[in-house]
Amino acid sequence: MLLGCALLAAQGSALLAAARDGDALRVAMLAAHNGERARLGLPPLGWSDALAAEAASNAATLAAAPEPALSHVQTNGGKPRGENLWLGTRGAFTFDEMAQSWLEERDLYVDGAVPEISSSGNWADVGHYSQMIWRSTREVGCALSSSAEVDLLICRYDPAGNIHGRNALTGERAPDVRTAPRPAY
């Protein structure tokens with residue numbers, strides 16, 4: 001019985017490793033992003049190897065940090081990029097589950113201009129989701145890096161979303177209350 005458990009564990013590890021290669025990541029992330037975008041009538045994202053390379057570099061740096069989430073900074077050579085970060089127990093989550101955690105933010109999302117896009121009052125509660133569906137974003141590239149304890153997924157986006165004063169679904173700028181016409185009394 002013990003040998004059977006060891007064999008199953010070894011097979012499970014091999015299956016997880018096979019399911020976590022770069023092609024599987026690309027397929028899972030494009031499916032998650034483009035499935036939601038299609039549901040909303042938005043254009044699909046294309047995969048960018050350049051963005052994936054940027055994500056891989058940043059993910060490796062963060063995974064090596066003692067506190068990856070606290071060390072999260074964007075390093076992109078000065079180019080404005082959007083970025084989503086996911087952090088979880090090493091080997092415990094599939095790519096689909098990682099992306100699903102961002103998609104679940106839709107439950108708090110409200111159609112409006114950043115930062116007025118969350119029913120919680122905190123736009124960061126839906127920031128991953130709004131980047132995934134940002135209308136003007138055309139490309140995504142993602143990478144996974146791991147430490148001894150955690151898996152760290154980063155997706156980079158071009159052009160970036162979550163632009164203050166703009167709507168994710170339309171790209172339109174919200175009216176500025178300082179320049180909006182005032183009613184005549």
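Select strand β2 (82-89) and helix α5 (127-133): each supplies at least two residues of the lining of the largest pocket. The model on screen is predicted.

Stay with this pocket and show its lining. The largest pocket holds about 190 Å³ of space. Its lining is made up of 13 residues, and E83, N84, W123, G127 and N162 are the ones nearest the centre. Colour the lining by class: eight residues are polar, three are nonpolar and two are charged.

Now pick E83, one of the residues nearest the pocket centre. Is E83 buried or exposed? E83 has a relative accessibility of 11%, so it counts as buried, the cut-off being under 20%.

R156 and E83 form a salt bridge, with 3.1 Å between the closest N and O atoms. E83 sits in strand β2 and R156 in strand β4, so this pair ties together parts of the chain that are 73 residues apart in sequence. R156 itself is buried, at a relative accessible area of 0%.

From R156, move on to E54. The side chains of these two residues also meet in a salt bridge, at 3.9 Å from N to O. Because E54 belongs to helix α3 (residues 49-64) and R156 to strand β4 (residues 150-158), the pair ties together parts 102 residues apart in sequence. E54 counts as buried, with 14% relative accessibility.

Which kind of contact do the side chains of E54 and R81 make? They meet in a salt bridge, 2.9 Å from N to O.

The structure as a whole holds seven salt bridges.

For the last stop, go to S145 in strand β3 (residues 139-146). With a relative accessibility of 15%, S145 counts as buried, since the cut-off is under 20%. Show what surrounds it: leaving aside residues up to four places away in sequence, S145 touches A59, A60, A63, V150, D151 and L152.

Notes: Residues are numbered from 1 along each chain as its sequence is written. This is a predicted model: local features need pLDDT of at least 70, side-chain atom pairs count only at pLDDT 80 or more; totals for chains, interfaces and linings use all residues. Side-chain values use heavy atoms; hydrogens and water are left out. On a 1 Å grid over the protein atoms alone, a cavity is a set of points where a 1.4 Å probe fits but cannot get out, and a pocket is an open set with protein on both sides within 12 Å along at least five of seven lines; lining residues have an atom within 4 Å of a point. Grid points are joined across faces, edges and corners, and a volume is the space filled by probe spheres set on the points. Helices (H or I, at least four residues) and strands (E, at least two) are DSSP runs, numbered from the N terminus. Ala, Val, Leu, Ile, Met, Phe, Trp, Tyr, Cys and Pro count as nonpolar, Asp, Glu, Lys and Arg as charged, and the others, Gly among them, as polar. Buried means under 20% relative accessible area, exposed over 50%, partly exposed in between (1.4 Å probe, protein chains only). Contact means heavy atoms within 4.5 Å. A salt bridge is a side-chain nitrogen of Lys or Arg within 4 Å of a carboxyl oxygen of Asp or Glu.
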